[in-house]
Amino acid sequence: MTHTLKRVGPPLLLLTPSLILVGVFVYGLIAVNFGTSTTDIHTAAQTTGQEPSTTVWFDNYLDLLGNEAFQHSLRNLLLYTLVFLGGTMVMGFLWAWLLERPIRGEGVFRSIYLFPMAVSFVASGVVWRWLLNSGQDESATGLNRLFQMTGLDFLQNNWWNNVDYGITAIAIPAIWQLSGYVMALFLAGFRGIPDELREAARMDGATTWQLYRHVLFPQLSPVALSALIIIGHMSLKSFDLIMSISKPANYQTKVPAVDMYVFKSSFDYANAAAVGSILLVLVAVVVVPYLVRTNRRER
């Protein structure tokens with residue numbers, strides 16, 4: 001027993017500072033945020049303590065979920081996540097599939113696909129705000145102007161200014177920016193498959209499609225799951241790109257993260273904290289099953 005404690009002691013001492021910091025600044029602040037969300041702090045006077053605040057428990061959550069504007073934000077978040085996930089997964093996989101085959105200039109193409117990831121969402125958002133300008137016909141700019149010049153006027157639209165589907169237009173620059181990252185994940189997955197598997201499949205008479213369908217693609221399922229989790233949780237927390245394109249906050253493109261910013265700016269800390277807790281739950285729904293699955297596989 002003493003020998004075991006001696007072996008465990010030094011590693012535990014090394015981890016203790018990190019555990020304390022994580023406990024205070026992650027889980028501690030999550031607890032504080034949840035506590036704030038159960039109060040009625042909705043004004044600047046209550047924030048500074050000039051007016052008393054009381055505990056209302058889950059009333060803020062019920063009010064938010066029953067609010068039509070917040071329901072619109074949740075719907076926008078769902079649309080954005082679906083388009084963002086689908087676009088990045090498809091584009092990233094196709095690029096990786098093309099680069100997986102020996103081609104000239106592979107390094108150049110790989111750098112081109114990865115370059116958008118090096119640009120901040122704020123910087124790209126400023127450019128895409130101009131590209132996705134809603135002006136049409138004589139006032140057309142950006143993509144609408146390009147469609148006009150090429151005779152594709154029927155493709156002109158009001159992009160992110162569309163009340164029902166404007167948020168899906170903002171998913172376009174998000175797909176452009178992160179498809180290269182997904183490509184890198186899939187490409188690493190392709191390159192990690194042993195050559196012996198490919199050779200064995202060819203010796204068994206498998207065609208190129210059968211090789212990919214029955215040998216290579218199944219080997220990429222862990223990579224695909226990882227990409228889904230990473231991109232999925234990023235889409236749920238999206239804020240900077242949306243605000244860069246549609247600032248000031250617009251009803252057409254608002255999502256829960258934007259609502260949280262607006263609440264916080266107006267000193268409505270209770271509702272801001274409640275939105276933060278809802279986002280935490282949404283991210284946990286995506287991430288926790290993946291962590292549990294990974295933990296079980298390692299055992």
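In the predicted model, Arg 198 and Glu 100 form a salt bridge, with 2.7 Å between the closest N and O atoms; the term denotes a side-chain nitrogen of Lys or Arg within 4 Å of a carboxyl oxygen of Asp or Glu. Arg 198 belongs to helix H9 and Glu 100 to helix H4 (residues 68-100), so the pair ties together parts that are 98 residues apart in sequence. Helices are DSSP runs (H or I, at least four residues), numbered from the N terminus. Both Arg 198 and Glu 100 are buried, that is, under 20% relative accessible area, where exposed means over 50% and partly exposed in between (1.4 Å probe, protein chains only). The whole structure holds two salt bridges. The other joins the side chains of Lys 254 and Asp 259 at 3.0 Å, N to O, and both of these residues are buried as well.

The model is a prediction, in which local features need pLDDT of at least 70 and side-chain atom pairs count only at pLDDT 80 or more, while totals for chains, interfaces and linings use all residues. Residues are numbered from 1 along each chain as its sequence is written, and side-chain values use heavy atoms, without hydrogens and water.

Arg 198 and Glu 100 also line the second largest pocket, together with Arg 101, Pro 102, Arg 202, Thr 207, Thr 208, Leu 211 and Tyr 212. A pocket is an open set of points on a 1 Å grid over the protein atoms alone, where a 1.4 Å probe fits, with protein on both sides within 12 Å along at least five of seven lines; lining residues have an atom within 4 Å of a point. The space in this pocket is about 160 Å³, a volume being that filled by probe spheres set on the points, which are joined across faces, edges and corners. Helix H9 (195-203) and helix H10 (208-219) each give at least two lining residues, and H10 supplies the largest share, three residues. The lining comprises three nonpolar, two polar and four charged residues; Ala, Val, Leu, Ile, Met, Phe, Trp, Tyr, Cys and Pro count as nonpolar, Asp, Glu, Lys and Arg as charged, and the others, Gly among them, as polar.

The largest pocket contains about 280 Å³ of space. It is lined by 15 residues, of which Ile 30, Gly 276, Ser 277, Leu 279 and Leu 280 are the closest to its centre. Helices H1 (2-37), H13 (256-265) and H14 (269-298) each give two or more residues to this lining, which divides into eleven nonpolar, three polar and one charged.
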